[in-house]
Amino acid sequence: MHAFVFPGQGAQTIGMGRALADACPQAREVFEEVDDALGEKLSALIWEGDQDELTLTRNAQPALMATSMAAMAALGAEGVSVTSAAFVAGHSLGEYSALCAAGAISLADTARLLRARGEAMQAAVAVGEGAMAAILGLDLAAVQAVAAAVAEGQIVQAANDNDPAQVVISGHRAGVERAVALAAERGAKRAVMLPVSAPFHCALMEPAARVMAERLAEVTIDVPLVPVVANVRAEGVTDPAEISALLVQQVTGMVRWRESVAWMAGQGVTDIWEIGAGKALSGMVRRIARDVATRQVGTPEEVTAAVDSMN
């Protein structure tokens, strides 16, 4: 049993998806449709732009989604559709990619939602006030204890429960810095500040959640062709109203990736394909569910190999 998963922010690189677009007309059409939806040549930035500009949240979010959907289009051209998977899931913005792949939200609407999400998340907190840090070598409960111990009235929260030994925290910069120091004292292998522009997935993102509630109310969400494993629920969902509500909660809520992968493995998933840029999710999957095989699908060669593996 297969599941398809879709990467989040941090996987973006200049040139991603270009070989897919060159090799497959359907993949090229994805980038063209995203450009049209946004009214700008995002594809030019993705393929030959500046890495710092691509990394801006407003650009990275639709760009990573477009690259994932181009890979899905290339798979589709070879006869592998989303219904080949029992579940789809995505890490943070990747949940939008998963919903688009599953036919719940149109490509154009997904691009516009992610542009709005990126802008709203960036605008929610003044630059420099918030921060995020990765804590390696402590489990979720230990990291939550650290966050509670250092909060001192500030927001310090577990933002991403990525795998058994990697939890990302988010909140006020001073609080996150205190958490990094205490985590090291409490036995973390590493505790490092992350080069991000805003403190995602914590209560400081409440203004962005309000924006997304408005934006999501304006789009049609259909029943997905396969269940989408929601970040904040860590189980498959199919009801459009619930999907919309969970996407709003996701802005301030924790990405429960470790539990999501464990849930899919518990449902009988044996193979997880990471669709789009990078391979970070595959590494997490291997640390969560060692018996689940992983495969990256982001280049024409990887598409061919993936298709061959199904036959």
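A residue is called buried here when its relative accessible area is under 20%, exposed when that area is over 50%, and partly exposed in between (1.4 Å probe, protein chains only). The structure is a predicted model, so local features need pLDDT of at least 70 and side-chain atom pairs count only at pLDDT 80 or more, while totals for chains, interfaces and linings use all residues. Residues are numbered from 1 along each chain as its sequence is written, and side-chain values use heavy atoms, with hydrogens and water left out.

Helices (H or I, at least four residues) and strands (E, at least two) are DSSP runs, numbered from the N terminus. In a regular strand, side chains alternate between the two faces of the sheet.

Next come the neighbours of S2. Two strands count as paired if DSSP finds at least two bridges between them. Strand S1 (residues 2–6) runs parallel to S2 and is joined to it by four bridges, with Phe 6 having Gly 90 as its bridge partner in S2. S2 also pairs with strand S7 (residues 228–229), again in the parallel sense, over two bridges. Here Val 88 sits opposite Val 228, and Ala 89 sits opposite Val 229.

Zooming out, these strands belong to an open sheet of six, in the order S8-S7-S2-S1-S9-S10, with mixed pairing. Strand S8 (236–237) and strand S10 (293–297) are at the edges with a single partner strand each, so one side of each has no neighbour in the sheet.

As for the overall layout, the chain splits into domain 1 (2–124 + 204–309) and domain 2 (130–197), with bounds that come from an automatic or database domain assignment. The C-alpha centres of the two domains are 26 Å apart. Domain 1 puts 15 residues into the contact and domain 2 puts in 14 residues, where contact means heavy atoms within 4.5 Å. Between them the domains bury about 1200 Å², 50% of it on carbon and sulfur atoms; buried area is the accessible area (1.4 Å probe) that two parts lose on being put together, summed over both. On the domain 1 side, Leu 204, Met 254 and Arg 258 lose the most area to domain 2, together 49% of what that side buries.

Arg 258 and Asp 161 form a salt bridge through their side chains (2.9 Å, N to O). Helix H12 (257–266) and helix H13 (280–288) are the elements giving two or more residues to the side of domain 1 that touches domain 2.

Further along, Ala 191 lies in strand S6 (residues 190–193). Leaving aside neighbours within four places in sequence, Ala 191 is in contact with Ala 134, Ile 135, Val 180 and Ala 183. Its C-alpha atom is 8.6 Å from that of Ala 179, twelve residues apart along the chain.

The structure as a whole holds twelve salt bridges. One of them brings together the side chains of Glu 48 and Arg 18 (3.1 Å, N to O). This pair links distant parts of the chain, with Glu 48 in helix H3 (residues 42–48) and Arg 18 in helix H1 (residues 18–23), 30 residues apart. Glu 48 is exposed at 54% relative accessible area, whereas Arg 18 is partly exposed at 34%.

Glu 119 makes a salt bridge with Arg 58, the closest N and O atoms being 2.8 Å apart. Glu 119 is in helix H7 (residues 107–123) and Arg 58 in helix H5 (residues 57–77), so the pair ties together parts 61 residues apart in sequence. Glu 119 is partly exposed at 36% relative accessibility, and Arg 58 is partly exposed at 31%.

Definitions and conventions. Salt bridge = Lys/Arg side-chain N within 4 Å of Asp/Glu carboxyl O.
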